[in-house]
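Please walk through this structure with me. Keep the sequence and the 3D view side by side.

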Amino acid sequence: MQIKIAPSILSADFSAVGEAVRKMEAAGADLIHCDVMDGTFVEPITFGGQMIKNIRPLTELPLDCHLMIAHPQTQIKFFAEAGADIITVHYKACAAISESYLEDTLALIKSYNVKCGAVVNPDVPVEKIFPVFGMCDMVLLMSVFPGYGGQKFIPSTLEKLKKAREYAAAVGKPELDIEVDGGITEENAAAIKAAGANVLVAGSAVFRSPDPAATIAALKR
Ligand code: DX5
Ligand code: ZN
């Protein structure tokens, strides 16, 4: 499968995000990962749909919007209209509202012709999102607890990745995009890909690199 690298602008200088997006595209990024935090589902607050709207004209790359927010349905319209290409929402946030909220939110995202995905935290079994694999264009397995960049990769994610890739194949979606987010480095990328991931988010690894193009190439290899 094609390996895609999604640099996270969470690690960019927020006074110069546009510049960072251009730089990542030039360095060979495949997607731009946009970490949206609301101060409720996770402690920090980052940005909302306006950021997506402003960076949209600056890049050809798909904008991968990872919503770490408590009430995702309230924001889908804004992100879709701002130009998001993929919107992912957390199982935990949705399950806290109602049993059908995740499915309903994915359907809402699709109604805007935007790709959708479900996310599980490190302490949520991947089986929880098996029922929505059929609807998802991508699934996202967190390999750190969301909220902050620069954390250490949680190794139990590898086992979950294998299960996710096997289940995707079993339901006739062997090419499903399976994304991993948190603590990815040049050292652990090979094991993550071998376990079944094909979309790798990288925050600090690329933004702290003296040569982001070389780091992106190394993560892909
Ligand atoms: C964590 C975010 C991640 C984060 C990854 O809440 O969802 O996307 O930016 O950063 P690194 O690669 O530094 O772990
Ligand atoms: Zn993220």
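The paragraphs below take up a metal site, a ligand, a strand and a loop residue in turn.

This is a predicted model. Start at the zinc ion (ligand 2). Four residues coordinate the zinc ion: H33 through NE2, D35 through OD, H66 through ND1 and D181 through OD. The distances run from 2.0 to 2.3 Å. What is the geometry of the site? The site is octahedral, with six donor atoms and angles of 68 to 168° among them. The cut-offs matter here: six donors count as octahedral if opposite donors are over 155 degrees apart and all others between 65 and 115. For six octahedral donors, the ideal angles are 90 or 180 degrees.

Turn next to ligand 1. It is surrounded by 20 residues. The closest are D35, G147, D181, G203 and S204. A polar side-chain atom of D35 sits 2.7 Å from an oxygen atom of ligand 1. For D181, an N or O atom of the side chain is likewise 2.7 Å from a ligand 1 oxygen. For the side chain of H33, the corresponding distance is 3.4 Å. How much of ligand 1 does the protein cover? The cover is 100% of the 380 Å² of accessible area that ligand 1 has on its own.

Strand 6 (residues 138–142) comes next. Five of its five residues are buried, so the strand is largely enclosed by the rest of the structure. M138, L140 and M142 point one way, while V139 and L141 point the other way. Strand 6 has strand 5 as a parallel partner, over four bridges. It also runs parallel to strand 7 (residues 177–181), joined by five bridges. L140 takes part in both pairings: its bridge partners are V119 and, in strand 7, E179.

Finish with a loop. Which residue has a positive phi although it is not a glycine? N113 does, at about 60°. N113 lies between helix 5 (101–111) and strand 5 (115–120). It is exposed, with a relative accessible area of 76%.

Note on methods
Residues numbered from 1 in each chain as written. Chains lettered and ligands numbered in written order. Predicted model: local features only at pLDDT ≥ 70, side-chain atom pairs only at ≥ 80, totals over all residues. Heavy atoms only, no water. Donors = N, O, S within 2.8 Å, 3.2 Å for Na, K, Ca; no water. Tetrahedral: all angles 85-135°; square planar, octahedral: opposite > 155°, others 65-115°. Near = heavy atom within 4 Å. Polar contact = N/O pair within 3.5 Å; in protein donor to acceptor, adjacent residues only side chain to side chain. Areas by Shrake-Rupley, 256 points an atom, 1.4 Å probe, with all protein chains shown as cover. Helix = DSSP H or I, 4+ residues; strand = E, 2+ residues; numbered from the N terminus. Buried < 20%, exposed > 50% of the residue type's maximum accessible area, 1.4 Å probe, protein only. Pairing = 2+ DSSP bridges.
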